[in-house]
Number of protein chains: 2
Amino acid sequence: MKNKFFLKELNKYQKKIEKEINSFFELKEKEFSNYSIESKQLIQEMKKYSLRPGKRIRPILVLIGFKAIKGKINLKTIKAACTLELLQSYLLIHDDIMDESITRRGKIAFHKIYEQKMIKNKLINPKRFGESTGIIAGDLMHSLAVEILLTSGFNEKILINAVNKLMQINKLTAVGQQLDLILESKTIFSEKDILKVQEFKTAKYTIEGPLLLGAILAGANKKQLKQLSNYAIPIGIAFQIQDDVLGVFGSKKTGKSIASDLIEGKKTLLILKTFEKDSKKHLNDLKFVLGNKKATKNQLEKARKAIIESNALNYSQNLAEKLSIKSINELNKSKFNKKVKQFLTEMNSFLISRMH
Amino acid sequence: MKNKFFLKELNKYQKKIEKEINSFFELKEKEFSNYSIESKQLIQEMKKYSLRPGKRIRPILVLIGFKAIKGKINLKTIKAACTLELLQSYLLIHDDIMDESITRRGKIAFHKIYEQKMIKNKLINPKRFGESTGIIAGDLMHSLAVEILLTSGFNEKILINAVNKLMQINKLTAVGQQLDLILESKTIFSEKDILKVQEFKTAKYTIEGPLLLGAILAGANKKQLKQLSNYAIPIGIAFQIQDDVLGVFGSKKTGKSIASDLIEGKKTLLILKTFEKDSKKHLNDLKFVLGNKKATKNQLEKARKAIIESNALNYSQNLAEKLSIKSINELNKSKFNKKVKQFLTEMNSFLISRMH
């Protein structure tokens, strides 16, 4: 298997990250039990939520960014890296409220936990209660993300730079989310619109931000930061394009349900390119299923055929491939150590080949 | 007028605070115009929202906390103090979503701005779009609150302490909000429940947190921080009790509409004490109007009479008075400079005497 080293490293670090998240929340449980029973329970739910199974890709990329500069990581770095897992928890809690999602990581969405707790209470609106508790829990998790970073043990100068970076990551993710929300409301949209959302919501948030945060913790210079960005942005966009392909054509490996993006009416490069190039017949086949929760298997199959025959699938996959190669070329120009390069090279191929 | 010095100082600092908030957002406008037109527009709305007329009591208390330790404030302190006005903006935006409020500071609530922008667009649910944009804008404002503090110009050690304090303020406010949400859902509640919400949501958030943040920026020692807390907590709770009185009996000065808390069914000390002590007839008069938007003037008058005759009004006002005196006694034990003591003494009387 060609991604063996990447997967082994991922597995090794996941456990370390989860251990530190667990320890942090144990301290918080003690702190919050001083406030009230309900506050303690909220923290316990937030802990369980943050420890639901996940790839921990963002904190692990913090470690890799650190290793790229300093060669070796230490406990301080693992603690600091957890900040991005808590940031992710807070964003997921708020996202699921915005999207009215009911599940997350195989269990119910955070706000739904509190909705269900109130369902028998006639005094209040359980949906509103659940969403309100979710908004509060997300805001609280946002603070805890900063706190876990501040208590990691780095010196003050590095911490200030790191908090600044964390706030920038949060800011740019908000920019991406707003653009995505607007994209959903548009009937006419361009490739530029789509790629911008992918750059902010995926490339910057999931790949570049974490690597740079790790590098900043290691005291990287501007040139080193630039090299990491040059690797991160193209592969980040390529990953999102590939993810959108999986959202229509499915994947046995990830268990992503076939055609889910079609039914949700998600505006992806695949859809745009089909709209741009397709014949009238194919266009109608696609339009029929977009955002249509009642579309049949046969109708979805026709839509997929339209995407293939219009060359939109090819276009998307070629673009992803091109961006992936660009990313590797940039990485090869750098002088990062061998193991970091191996990890990032294998991750690159892993991120765009999840279909096969 | 016995609060003349307090009001004069308030007025003087309000302008300075607003000037710095304005400058900060001008920089952000430039930054966000690099991302997209929509991001720039979002920042512009956030700027206008943050600059809507307000007392700016929290940032001003940061200045007073600083002065208590160092005697004089400087531009750095004014910049850093703005963090609490942005924190307030973010919390108000999220609060209004949770409470489904439609107005704020004399204009429409933040999420309603975006709901209205989408009202003609049939592709999406305008209410959901407005609330989603509000959640994102609040999250973004949260980051900007940290950013304005980090760019204030203080040294790294002080900044780390200050960011820690800011996160603690945010954390304890979330605790208070959750407890308030739960209080709303309870049929049986105690004086302790109510006072705890008042401590976290008002005393800590509005009075203690700001004073301590200012003192931390000035490098205060533990004893000094404790003295400020001893002043802040009792007057903070007293202020909230008095505010709840105004919510039922109204105030010409603040323009708070008479009986608004009754119609909203807000669970205050007044209500609890009436329930505890009142005769059956009076109890029914009160129960009838609680949370009843259709209650007539006459019915509201009867409920107010029940609150007075059950002695609940007296009880609440006496408790507020006692806490206010306790707060002043604590202040007089301290060695803060004369002007700081004068400001805090006048503020104390201002906060609990807004009715007269």
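Helices (H or I, at least four residues) and strands (E, at least two) are DSSP runs, numbered from the N terminus. The structure is a predicted model, in which local features need pLDDT of at least 70 and side-chain atom pairs count only at pLDDT 80 or more, while totals for chains, interfaces and linings use all residues. Residues are numbered from 1 along each chain as its sequence is written, chains are lettered from A and ligands numbered from 1 in the order in which they are written, and side-chain values use heavy atoms, with hydrogens and water left out.

Helix α10 of chain B holds Asp261(B). This aspartate counts as buried, at 7% relative accessibility; buried means under 20% relative accessible area, exposed over 50%, and partly exposed in between (1.4 Å probe, protein chains only). If neighbours within four places in sequence are set aside, Asp261(B) is in contact with Asp244(B), Gly247(B), Val248(B), Lys266(B) and Thr268(B), where contact means heavy atoms within 4.5 Å.

Helix α10 (260–264) of chain B is also one of the elements against which the buried residues of α11(B) pack, together with α8 (191–217), α9 (222–249), α12 (280–289), α13 (297–309) and α14 (312–333). Helix α11 itself spans residues 269–277 of chain B, and its buried residues are Leu269(B), Leu270(B), Ile271(B), Leu272(B), Lys273(B) and Thr274(B). Leu269(B) lies 9.7 Å from Lys192(B), C-alpha to C-alpha, although 77 residues separate the two in sequence. Lys192(B) belongs to helix α8 of chain B and is exposed, with a relative accessible area of 65%.

Helix α8(B) packs in turn with α7(B), at an angle of about 170° and with the axes 9 Å apart. Axes are lines fitted to C-alpha atoms, for helices over the stretch in contact, and angles run from 0 to 180 degrees between N-to-C directions. The two helices are therefore roughly antiparallel to each other; angles under 35 degrees count as roughly parallel, over 145 as roughly antiparallel, 65 to 115 as roughly perpendicular and the rest as oblique. The residues of this contact comprise 16 nonpolar, 5 polar and 6 charged. Here Ala, Val, Leu, Ile, Met, Phe, Trp, Tyr, Cys and Pro count as nonpolar, Asp, Glu, Lys and Arg as charged, and the others, Gly among them, as polar.

Helix α7 (residues 156–184) of chain B also packs with a helix of the other chain, α6 (residues 126–150) of chain A, at an angle of about 160° and with the axes 9 Å apart. That angle makes α6(A) roughly antiparallel to α7(B). The residues of this contact divide into 12 nonpolar, 7 polar and 3 charged. Among those that α6(A) brings are Phe129(A), Ile136(A), Leu140(A) and Leu150(A), and those of α7(B) include Ile160(B), Met167(B), Lys171(B) and Leu181(B).

The relation between the chains can be described as a whole. Chain B is superposed on chain A by a rotation of 180° with 0.0 Å of shift along its axis (RMSD 0.0 Å); copies are superposed by least squares on the C-alpha atoms of residues with pLDDT of at least 70 in both. The two copies are thus related as by a two-fold rotation axis. In chain B, Glu156(B) comes closest to that axis, at 2.9 Å (C-alpha). The copies meet through the same surface, because 100% of the interface residues of chain B are also interface residues in chain A.
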